[in-house]
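Subject: Structure for you to look at

Dear colleague,

Here is the structure I promised to pass on to you. Please keep it open while you read the notes that follow.

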Amino acid sequence: MSDEVNAAKGPVVNSWNEWDPLEEVIVGILDGAAALTWEVAFEAVTAKEHLDRSRKYHRAHGGKRIEKLHTAPALRELKELVAILEGEGVEVRRPDPIDHARPLVTPLWATQGGNCQANPRDVLIVLGNEILEAPMAWRSRYFEFLAYRKLCKEYFRKGARWRAAPKPAMSERAYDYDWKPGETYVTTEFEPLFDAADMARCGKDIFIQRSHVTNDFGIEWLRAHYGDQFTFHRLEFDDYRAIHIDATFVPLRPGLALTNPDRPMKEVPDVLKKGGWDLVEAPRSTLPESHPWYHSFRWLSMNMLNIDEKRIIVEASEEPTIAFLKDHGFEPIPCRFRNNYKFGGSFHCATVDVRRRGTLQSYF
Ligand code: ABU
């Protein structure tokens, strides 16, 4: 495409918030997925109820390929998601596969394998016209950015800004092995760390969670990098296994955000005290308590993807959430996705909105 045509279409990378009309999106893949290797930063976000079982499983299977038999149901759901997005007029892009069933070795550490590309939201964020690669905080996820490099290079060549946050060393000094669940975090302040999914974008105001994968040094780096363009509001929640804001505090449109009744905000920032925004508790999930991963995944019901201020993709069996959305004037689009939960996320996690039609605005 010539530069003239590009200029007429507008920026190739453009997303300022979670709700402007969606034009292009990256959707995750499951090719090459491996079982996560047990590491302290993973332990910190594991539900207490699953700790023993999870430790045992990942110590035995970490780095081993997840067989097609086990990815097939989730793949069918991903296909359904892609069909919905394309049917709504959104261009869908996919990362490159990586074989995660290989040991990762750096000069400072080695681990049995990687992870998967199910959750591009954790790795990349679009803030305005810039696509940013997050440092990440788990060793198993250190090289995940490679799967998106082809896309990032393409966007860069078409005029986007492309940056990578400083790559961390992830030595032993990055982790506090004596962290106290609910009181302190497993990540230290040795170097900047964040996952992109700890941010929720509302134009000029970005909400960012201090979590087990995002430290204050990471927030400081983002503030320095973006200067006056954005204001980063640091949030903390009462959540002993805090990881990613997108099942905890979820802005749905200007003036309305979902909150998580099990994870109250520790201190409400001034910008939210001003009024003008309704903070409404999310309905509880229909995921049965007997579900083997209930304690890890029940709030993925909040993890939705806006196509615009009205249309929103929601898990098909979450009837209370669907009813809530209708009551609030949305047009929910149900899609089955529960088999994807075991790869760590739902619709918001599984996507990165590369381009939404809109401009920078202040909503507070
Ligand atoms: N990005 C996934 C978050 C999951 C959770 O907070 O329960």
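By class, the second largest cavity has a lining of three nonpolar, three polar and five charged residues, where Ala, Val, Leu, Ile, Met, Phe, Trp, Tyr, Cys and Pro count as nonpolar, Asp, Glu, Lys and Arg as charged, and the others, Gly among them, as polar. Among the residues that line this second largest cavity are Glu183, His212, Asp238, Tyr240 and Lys266, and its volume is about 70 Å³. The terms come from a 1 Å grid over the protein atoms alone: a cavity is a set of points where a 1.4 Å probe fits but cannot get out, a pocket is an open set with protein on both sides within 12 Å along at least five of seven lines, and lining residues have an atom within 4 Å of a point. Grid points are joined across faces, edges and corners, and a volume is the space filled by probe spheres set on the points.

Please bear in mind that this is a predicted model, in which local features need pLDDT of at least 70 and side-chain atom pairs count only at pLDDT 80 or more, while totals for chains, interfaces and linings use all residues. Residues are numbered from 1 along each chain as its sequence is written, and side-chain values use heavy atoms, with hydrogens and water left out.

The structure holds two cavities of 30 Å³ or more, and the largest cavity has a volume of about 100 Å³. Of the 15 residues that line the largest cavity, Glu18, Asp246, Val250, Pro251 and His348 lie nearest its centre; by class, the lining divides into nine nonpolar, three polar and three charged residues. The largest share of this lining, three residues, comes from β11, a strand in the DSSP sense (helices are H or I runs of at least four residues, strands are E runs of at least two, both numbered from the N terminus).

Strand β11 covers residues 249-253, and four of its five residues are buried, that is, under 20% relative accessible area, against over 50% for exposed and in between for partly exposed (1.4 Å probe, protein chains only). Four bridges join β11 to the antiparallel strand β12, residues 256-259, and two strands count as paired if DSSP finds at least two bridges between them. Val250, which lies among the residues nearest the centre of the largest cavity, has Leu258 in β12 as its bridge partner. The two strands form a hairpin with two residues between them, and Gly255 in the turn has a positive phi of about 90°.

Which residues lie around the ligand? They are Ile243, His244, Asp246, Ala247, Arg263, Ser296, Leu300, Gly344 and Cys349, each with a heavy atom within 4 Å of it.

Most residues other than glycine have a negative phi, yet the phi of His244 is near 75°, a positive value. His244 is found in the loop between β10 (231-235) and β11, and at 8% relative accessibility it counts as buried. Met136 also has a positive phi, of about 70°, although it is not a glycine; Met136 lies in the loop between β6 (130-133) and α6 (149-157) and is buried at 2% relative accessibility.

Of the 41 residues that line it, Phe297, Tyr341, Lys342, Phe343 and Gly344 are the closest to its centre, and helix α3 gives the largest share of the lining, five residues. The second largest pocket has a volume of about 230 Å³, and its 14 lining residues include Asp239, Tyr240, Arg241, Arg263 and Arg298, which lie nearest its centre.

Finally, an open sheet of three strands has the order β14-β15-β16, with mixed pairing. Its edge strands, β14 and β16, each pair on one side only. Strand β15 (residues 311-315) pairs with β16 in the parallel sense over five bridges, and the bridge partner of Ile312 in β16 is Pro332.

With best wishes
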